[in-house]
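Subject: Structure handover

Hello,

Here is the structure I promised to pass on. Please open it first, then read my notes below.

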Amino acid sequence: MPPELFDFFEQVDLPTPTLADDEVQRLFSETFGVDIDVKSLGSQQDQNFRVFASGSTQPLGVLKLSNPVFSETEIDMQDRAAELVADRQSDLRIPRIVVGPSGPMSAWWETSQGRIHARVIENMSGSTLMGSGYLSPSVVSRMGELAGRMSVSLADFSHEASGRVLQWDLRHARRVIETQLPLEPDADVRALVREVTQAAFRALDPVAAALPTQAGHFDVTDDNILRPHSDALPDAVIDFGDVTVSWRVAEIAVTVSSVLHHDGATAATAIPAIRAFHELRPLDEHEISALWALVVLRGAVLVLSGRQQVRLDEENTYASVALDREMRIMTVAASVPVPVMAGQIRHALGLTSPQDEFSASAPLIELGRATALDGGTVSTLNDEGAWMREDALETAAQAALDEGADAVFLPAWRGVLTGAPLRTPSSPATIPTGVTLWLAEPTTLVAAGEAQSLRPGVLAVSVGDETLTISGLPANAQPGALPARTRLFVQLHRGETSVAPERVTAELADGWRSVLGDPGPLLGLSAPQAPDAIANTRDETLRRREAVLAEVQEHYYAKPPQIERGWREFLIDVDGRVYLDMVNNVASVGHAHPRIAEAAYRQLRLLNTNSRFHYQAITEYAERIAATLPDELDTVFFVNSGSEAADLAIRLAQASTGRNDMIAMREAYHGWTFASDAVSTSIADNPVALETRPEWVHTVAAANSYRGSHRGADASRYAPEAVAVMDELAAAGKPPAGVICESYFGNAGGVALPQGYLQQIYAGIRRHGGLAIADEVQVGFGRLGEWFWGFQQQEAVPDIVAVAKSIGAGQPIGAVITRREIADRYRTQGYFFSSTGGSPVSSAIGLAVLDIIRDEDLQENARVVGAHLKGRLEALAAEHSIIGAVHGSGLYLGLEFVRDRETLEPATAETAAICDRLREMGVIMQPTGDHQNVFKIKPPLCVSRESVDFFADAVAHVLATGW
Ligand SMILES: Cc1ncc(COP(=O)(O)O)c(C=O)c1O
């Protein structure tokens with residue numbers, strides 16, 4: 001006789017058992033022979049406890065009191081499925097039944113609430129992904145992998161109870177919704193659920209019969225997987241309570257739905273999970289068509305069931321807390337039409353989508369001379385920040401009409417960069433789903449007879465199986481009559497004409513393209529070959545980059561955005577997405593500064609040659625740099641980079657003193673050339689740096705008062721210790737040629753040197769006839785706000801200054817400035833010639849940089865905006881213990897992340913993950929330091945207060961919602 005199995009539809013009410021603790025303790029002791037302490041856990045339909053042998057703090061396991069509606073054979077099925085997965089996935093943690101003094105702890109109890117099944121399963125350590133904190137793409141991907149591994153392990157599992165009818169089985173979604181919808185008292189909720197589920201069934205019904213079925217876990221959700229600690233990937237799957245046979249694809253649909261309520265999640269967030277599932281358990285074409293419909297239906301079932309459960313059992317706080325999350329799951333899932341997501345999934349899985357198979361027919365409009373506008377990232381229309389003006393495109397379109405064009409259009413599917421900086425944490429929509437069109441004269445559609453008004457202001461014309469829609473018309477327009485000078489928007493829909501936004505995000509553009517075509521040909525508009533042939537080729541371009549460039553010539557981010565434009569403190573990728581650049585001290589005066597462009601352009605048209613010629617710019621530039629320095633630093637060398645500048649500074653010290661040995665502070669970076677590399681010991685740049693120094697390099701401790709060997713007030717010991725090294729060398733007959741040190745500790749994340757440090761080590765080296773070199777490559781030129789040069793902060797004057805990076809605003813310029821007599825001694829080494837060092841173009845740009853810093857008061861901006869930002873970051877540090885310290889001055893700040901404020905264990909992985917999430921939110925930030933646990937905050941000096949607030953808000957959001 002077949003067992004009596006659970007059928008949800010005969011048993012709509014599922015009141016959970018609610019046994020009192022003392023009853024549970026008594027029955028436990030009687031059946032399993034162990035006295036226990038209990039701690040109640042939440043559950044939607046069972047009663048769960050964590051149980052401890054009396055007096056022990058180690059949990060014995062999790063006691064599950066099954067809802068009395070489930071039969072013994074169903075409980076057996078759950079346990080067997082868990083056993084099977086545990087056997088087959090030995091690297092995953094899967095809870096088995098705990099074996100007690102009298103065998104496996106699984107028994108029926110006669111309780112005050114009737115006969116209830118009790119069993120103890122292993123307690124899994126770690127935490128679930130519960131709550132709605134952020135889930136990174138790697139965690140989401142891992143969730144899909146776990147779902148895939150359940151599906152693979154249970155593919156051949158069969159059990160007599162597998163015919164049970166659960167409300168969570170998505171095969172029954174229609175019945176569950178039809179049963180529960182009338183019980184829902186809120187009319188708005190009813191209407192919303194009806195609308196989203198009808199759309200889902202329209203996509204599901206045609207393929208439902210073809211969907212393969214098998215046994216599965218069907219509940220691999222955020223609260224049923226565990227990670228050992230908060231930064232690890234999940235490795236445990238619990239709760240086999242929903243094991244049954246259902247559609248195979250439902251396994252991943254359930255998992256994906258549980259991603260959607262998390263912070264910042266959009267429909268696109270689910271894609272890594274689907275990809276990972278597909279790798280283990282390839283989805284067929286029907287499953288791909290059905291998947292998103294099932295995600296929406298899962299959301300709807302959760303919403304209705306959750307609300308029903310709360311009405312039934314008001315005290316079930318577990319269920320009531322979940323209501324918001326469940327609503328979010330449904331609305332995020334339903335925010336993108338099912339066919340669009342199917343197209344997006346197909347694309348993400350590398351399966352071809354039929355996107356370009358739209359029929360081409362005769363044009364519907366006869367247009368004369370049509371001008372294509374390019375609103376893309378590299379378009380000249382967007383030069384000099386024109387994109388920041390909301391009406392930039394409209395103005396350009398009207399101007400083209402004034403110049404005699406019959407029509408002006410913006411092609412579909414090419415990223416558009418317009419409007420104010422897109423400062424929103426959600427991904428901005430930059431990809432137009434249709435053609436934007438302006439006409440010079442009122443025009444009639446050729447097929448005017450077939451045009452119908454779809455809604456006020458929207459016209460629809462059928463073209464074979466497709467429908468062209470034109471929006472932006474006056475409400476009372478004659479069908480087929482298109483007005484002049486008005487912005488019209490034209491889309492081409494395949495099949496059903498649903499509402500589609502005018503712009504979509506780049507991450508879902510492929511999905512939208514599978515349901516919307518390019519109406520250009522139907523309008524007789526052929527978009528010229530994209531002038532920005534770079535658009536939409538970022539993956540291919542990255543592959544080519546990696547194939548042709550040396551691997552050690554690294555790029556930021558594993559999957560970098562393709563950045564093709566900058567403006568002030570903003571960077572813009574090929575899709576038109578705007579990022580806030582908080583890391584770029586090379587673009588010191590702001591990206592694409594018109595005065596830099598003008599200076600370069602003018603000089604390039606006049607003369608650019610090597611610096612052995614006599615021309616005005618090099619003289620003027622050298623004078624201007626020298627004028628920023630103390631009087632005695634009066635002689636300038638020009639090179640092309642910071643490495644060359646540091647290298648030359650070392651060679652000057654050696655030539656001038658006739659000695660070889662150099663003292664260098666540890667954990668610093670001075671460049672990659674032979675001599676600058678020799679004095680560089682940052683292990684982030686070179687893990688074996690310390691062991692491989694040439695014998696002429698002598699290092700002294702990194703004078704880091706936060707995490708170095710001497711901290712706080714003790715940091716005053718660094719300088720005497722460094723001087724002692726000099727003294728020892730001198731005593732050993734090898735007095736050093738010089739000491740090289742950054743004037744403000746850049747590599748550590750902008751840590752100020754202990755007060756008096758430079759004065760003491762400069763005095764120490766000079767006492768032995770050596771020279772003091774200040775590496776100002778990072779910190780010089782106004783960045784510190786208060787001081788133009790870093791050594792001014794220390795009230796010390798070096799003998800040689802090496803500077804680069806920001807002085808060229810991206811142009812390769814390096815300079816070494818020293819005293820005349822030191823420069824003269826270089827002759828003893830022979831020869832100095834750097835072809836393009838101080839070239840006419842470099843000098844012209846260098847002069848423009850100095851002018852801009854002065855005219856735009858950028859040093860003052862660094863002081864004021866930097867102080868504001870530092871204050872914001874300090875306020876965050878007061879709230880979040882992961883921030884160990886806020887370092888720096890002006891616009892050279894460091895935010896140091898630690899796991900423990902006492903041990904200062906660096907939060908390296910966390911820092912990387914926070915940077916990745918910030919990038920998703922539109923902020924470019926990178927870690928620095930030997931432990932890569934410090935944000936290097938060094939934006940262009942023109943950064944606004946509004947922008948640094950945006951940055952601080954973004955950091956605050958990530959710290960509050962996770963990474
Ligand atoms: C302090 C310091 N010195 C020198 C250099 C080398 O400069 P460049 O990369 O221009 O060769 C760097 C580069 O990051 C630096 O940070």
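Start with the right-handed β-α-β unit made by strand β30 (residues 738-742), helix α19 (residues 757-767) and strand β31. Right-handed here means that, with the strands pointing away from the viewer, the path from the first strand over the helix to the second runs clockwise. Helices (H or I, at least four residues) and strands (E, at least two) are DSSP runs, numbered from the N terminus.

Some ground rules. This is a predicted model, in which local features need pLDDT of at least 70 and side-chain atom pairs count only at pLDDT 80 or more, while totals for chains, interfaces and linings use all residues. Residues are numbered from 1 along each chain as its sequence is written, and side-chain values use heavy atoms, with hydrogens and water left out.

**Around β31**

β30 and β31 run parallel and are joined by five bridges. Strands pair if DSSP finds at least two bridges between them. V739 has A772 of β31 as its bridge partner. On to the next pairing: β31 also pairs with strand β32 (residues 800-803), again in the parallel sense, over three bridges.

Why is β31 largely enclosed by the rest of the structure? Because five of the five residues of this strand (residues 771-775) are buried. Buried means under 20% relative accessible area, exposed over 50%, and partly exposed in between (1.4 Å probe, protein chains only). In a regular strand, side chains alternate between the two faces of the sheet. In β31, L771, I773 and D775 point one way, A772 and A774 point the other way, and all are buried.

**The cores**

A nonpolar core is a set of buried Ala, Val, Leu, Ile, Met, Phe, Trp, Tyr and Cys residues joined through side-chain atoms within 4.5 Å. The largest one has 123 residues. Those with the most contacts inside it are L204, I252, I274, W292 and W512. Helix α8 (residues 285-312) gives the largest share of this core, 14 residues. A second, separate core has 101 residues, including A703, A809, A848 and I937. In soluble globular proteins, nonpolar side chains tend to be buried together.

Take W512 as an example. Contact means heavy atoms within 4.5 Å. Leaving aside neighbours within four places in sequence, W512 is in contact with V336, P337, V340, W413, A500, P501 and V504.

**Rings**

Rings of Phe, Tyr and Trp (its six-membered ring) pair if their centres lie within 6.5 Å; planes under 30 degrees apart count as stacked, over 60 as edge-to-face and the rest as tilted. By this rule there are 16 aromatic pairs. One of them is Y826 with F832, edge-to-face, at 6.2 Å centre to centre and 90° between the planes. Y826 counts as buried because its relative accessibility is 6%. F832, at 31%, counts as partly exposed.

Another pair is F897 with F935. This one is also edge-to-face, at 4.9 Å and 70°. The pair links distant parts of the chain, 38 residues apart: F897 is in strand β35 (residues 892-897) and F935 in strand β38 (residues 934-937). F897 is buried, at 0% relative accessible area. F935 is buried too, at 0%. Elsewhere, ring pairs link F781, F788, W789 and F791 into a cluster.

Two charges sit over rings, too. The rule is NZ of Lys or CZ of Arg within 6 Å of the ring centre and within 35 degrees of the ring normal. R115 lies over the face of W108, 4.3 Å from the ring centre. R612 has its charged end over the ring of F833, 4.0 Å from the centre.

- Q603 is in helix α14 (residues 594-606). It counts as buried because its relative accessibility is 14%. Beyond four places in sequence, Q603 touches N608, P840, V841 and A844.
- S66 lies in the loop between β3 (59-65) and α2 (72-88). Buried or exposed? S66 is buried, at 4%.
- S158 is in the loop between α3 (137-153) and α4 (173-180). S158 is exposed, at 63%. Its C-alpha atom is 8.7 Å from that of M77, 81 residues away along the chain.

Best wishes
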